[in-house]
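Work through these exercises with the structure open beside you. Try each task before reading its solution.

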Amino acid sequence: MKDFLKYTLATIVGIIACTIILSILGIVSLVGIAASSSTTTVVNENSLFKLELKGEVTERLADNPFASFMSEEQTALGLNDILASIQKAADNEYIKGIYLEAGGIMASPATTEEIRNALMRFKQTGKFIVAYGDNYTESDYYICSVADKMILNPQGMVDWHGLASQTIYFKDLLAQLGVEMEVFKVGTYKSAVEPYTSMEMSNENREQITAYITSIWDNMVEGVSLSRGISAKLLNEYADRYIAFEGAEASLAAGLVDTLLYMDGTKAYLQLLMDTEEDERLAVLSIDDMKNLQKAVPLDKSGNIIAMYYAEGQIVDEASVGMPTAPEIVGEKVSMDLRKLRDDENVKAVILRVNSPGGSAFASEQIWNEVVKLKEKKPVIVSMGDYAASGGYYISCAADTIIAQPTTITGSIGIFGMFPNPHKLINDKLKLNIETVKTNKLADFGSMSRPFNADERAIMQRYINQGYATFVKRCADGRNMSTSEIEAIAQGRVWTGEMAMGLGLVDLLGDIETAKEIAAQKAGIDSYTLICYPEEKDVFAMFMEQAKESYIETRIGETAGQFKDELNLIYNIESMNRLQARMPFTIHLMK
């Protein structure tokens with residue numbers, strides 16, 4: 001018995017010791033991975049920056065040093081990294097040009113515009129841009145059309161056919177389940193609720209979708225026309241006949257590309273441009289290399305800071321649990337961050353980079369309040385990304401200057417509330433009976449065991465009307481317009497940035513660089529350091545968040561594809577704030 005206890009204790013001690021040692025080694029390994037990922041890139045003479053247009057583009061992408069460790073392919077790109085890399089390539093004397101490789105980039109029109117504008121600025125340095133594609137999607141082609149030479153695989157295609165928007169309707173599906181939606185809204189065009197209350201598109205929604213996708217398409221056509229020297233009339237003709245299926249030779253004859261080459265021919269052409277021998281290896285820098293490349297100029301010594309605050313995703317009252325991959329604008333956190341920027345004497349101006357379709361009206365109001373207070377102490381410039389609509393516009397309207405891309409989706413000044421009513425599911429299908437005892441007339445307000453009654457509907461509609469009136473007043477005050485002027489362009493109507501500028505909702509059309517220039521000008525400073533906020537999570541926090549990613553969120557994304565937002569709205573409806581300033585989930589552009 002004595003020996004048994006001795007060996008048992010020895011085994012336990014051994015296991016504990018091994019666990020401690022392995023844990024230490026694991027931590028050391030993780031630190032090593034993180035450290036190796038931040039190694040400064042050394043640029044050789046006669047180098048080439050290769051920008052692969054592949055994956056989904058978000059505003060900011062946290063570095064993931066564990067991706068290679070976990071055998072994961074990087075499937076996303078940060079717009080901030082792309083723009084910074086292009087600028088570094090322009091500034092570095094050893095980098096002779098940029099090679100764009102089309103790979104099916106997933107980016108909304110305003111994001112492609114940002115990338116395209118950065119490439120056009122790069123060309124002003126006199127350096128070259130060459131683009132190659134086995135196939136070009138419409139987004140790929142719009143970006144690559146700025147290149148000095150566009151190359152297409154002889155068996156490839158240029159997928160140039162126009163834009164379409166699709167909406168999926170759920171009313172009959174929900175009815176099959178015994179669920180109806182109780183909807184309260186203000187705004188003729190506020191169509192976020194439409195998929196749950198109807199099986200077809202309203203005339204008003206069709207009108208606004210037609211207007212904004214036509215505006216987006218016209219901007220794309222104009223850009224390609226100027227870059228490629230092809231008239232807008234011809235470009236529309238090519239789209240109408242779906243020139244992609246006529247083969248590569250047809251695209252070449254139409255002037256959409258300059259030459260047809262396979263990949264090896266493209267490499268030979270690049271070697272010729274770089275004055276590199278045929279058997280000599282090209283010095284190619286990836287976007288990861290560029291991210292680790294130090295800027296050619298040191299940080300500004302003035303102490304002046306312009307803060308770039310990224311507000312991306314849906315606006316929520318509290319952070320979602322188990323959804324780390326979906327960016328969110330959490331009202332309380334953003335408000336706290338803006339207070340810190342207000343109190344920081346070194347921050348001379350703030351650029352609020354908004355990329356949001358909206359969300360909680362309450363959280364939007366809290367952020368609006370902080371923007372107003374921030375503006376009392378220093379200039380606030382809003383730079384709109386793909387979306388700054390509904391709640392996204394709510395948090396923007398008080399800024400000194402609002403800048404949007406021509407293809408930004410904005411406006412949608414309207415509010416709705418939506419409640420699931422599963423009484424038929426409960427009573428008829430599940431055969432449950434719920435009895436209620438209450439002390440007051442409305443004590444069981446919103447009970448799921450029955451439809452809303454007339455009193456409850458009147459109360460909710462009054463509540464929605466009050467929220468809408470507040471929203472309109474915020475916009476009127478921020479834009480120095482009357483409430484009647486805002487009412488005329490509100491009603492939940494969605495506009496592009498180009499349309500919104502003509503209506504007074506936007507001050508200027510431009511990109512992030514435009515916002516920087518305006519911020520410095522408003523602050524009265526010539527030199528500054530740009531610092532991005534909020535601070536990105538450290539690698540260990542990111543690793544832990546990835547480990548607990550929501551199973552349901554992942555499956556919805558995989559199964560529903562472009563319509564995952566509508567399904568997520570149903571899934572999360574119980575945890576949502578009852579008052580929503582949210583853009584309609586109908587902007588699914590098919591390219």
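**Exercise 1. How many disulfides does the chain have, by the sulfur distance rule?**

Solution. The count comes to zero disulfides. Keep in mind that this is a predicted model.

Step 1. Take cysteine 397. The nearest cysteine sulfur belongs to cysteine 475 and is 4.3 Å away.

Step 2. Apply the cut-off. A disulfide needs two cysteine sulfur atoms within 2.5 Å. At 4.3 Å, the sulfur of cysteine 475 is too far from that of cysteine 397 for a bond.

Step 3. Check the surroundings. Cysteine 397 is buried, at 0% relative accessible area. Cysteine 475 is also at 0% and counts as buried.

**Exercise 2. Describe the packing of helix H7 against helix H8.**

Solution. Step 1. Locate the helices. H7 covers residues 203-228 and H8 covers residues 232-240.

Step 1. Read the geometry. Their axes come within 9 Å and cross at roughly 115°. The crossing is right-handed.

Step 2. List the contact residues. H7 supplies Trp217, Val221, Val224 and Ser225. H8 supplies Ala232, Leu235, Asn236 and Ala239.

Step 3. Sort them by type. Six are nonpolar, two are polar and none is charged.

**Exercise 3. Which residues have the most contacts inside the largest nonpolar core?**

Solution. Step 1. In soluble globular proteins, nonpolar side chains tend to be buried together.

Step 1. Find the core. The largest one has 77 residues, and Ile86, Ile98, Tyr136 and Trp160 have the most contacts inside it. H7 gives the largest share, eight residues.

Step 2. Look around tyrosine 136. Beyond its sequence neighbours up to four places away, its contacts include Ala102, Cys144, Met157 and Val257. Asp159 is also among them.

**Exercise 4. Where do the backbone angles of tyrosine 242 and serine 390 call for a second look?**

Solution. Step 1. Tyrosine 242 has a phi near 50°, a positive value in a residue other than glycine. Serine 390 has a positive phi too, near 55°, and is likewise not glycine.

Step 1. Tyrosine 242 is in the loop between H8 and helix H9 (248-253). Serine 390 is in the loop between strand E15 (380-389) and helix H14 (391-394).

Step 2. Check accessibility. Tyrosine 242 is partly exposed, at 29%. Serine 390 is buried, at 0%.

**Exercise 5. Is the peptide bond from tyrosine 533 to proline 534 cis or trans?**

Solution. Step 1. Omega is near -10°, and the bond is cis.

Step 1. Proline 534 is in the loop between strand E21 (529-533) and helix H20 (539-547).

**Exercise 6. Is aspartate 444 buried or exposed?**

Solution. Step 1. Aspartate 444 is in the loop between helix H15 (423-429) and helix H16 (454-479).

Step 1. Use the cut-off. Buried means under 20% relative accessible area. Aspartate 444 has 13%, so it counts as buried.

Step 2. Name its contacts. Leaving out residues up to four places away in sequence, aspartate 444 touches Thr436, Lys438, Arg450 and Glu456.

**Exercise 7. What share of the residues in the chain is buried?**

Solution. Step 1. Buried residues make up 50% of the 591 residues.

Step 1. The chain has 22 helices and 23 strands.

Methods
Residues are numbered from 1 along each chain as its sequence is written. This is a predicted model: local features need pLDDT of at least 70, side-chain atom pairs count only at pLDDT 80 or more; totals for chains, interfaces and linings use all residues. Side-chain values use heavy atoms; hydrogens and water are left out. Axes are lines fitted to C-alpha atoms, for helices over the stretch in contact, and angles run from 0 to 180 degrees between N-to-C directions. Helices (H or I, at least four residues) and strands (E, at least two) are DSSP runs, numbered from the N terminus. A crossing is left-handed if the near helix is turned anticlockwise from the far one by less than a right angle, and right-handed if clockwise. Contact means heavy atoms within 4.5 Å. Ala, Val, Leu, Ile, Met, Phe, Trp, Tyr, Cys and Pro count as nonpolar, Asp, Glu, Lys and Arg as charged, and the others, Gly among them, as polar. Buried means under 20% relative accessible area, exposed over 50%, partly exposed in between (1.4 Å probe, protein chains only). A nonpolar core is a set of buried Ala, Val, Leu, Ile, Met, Phe, Trp, Tyr and Cys residues joined through side-chain atoms within 4.5 Å.
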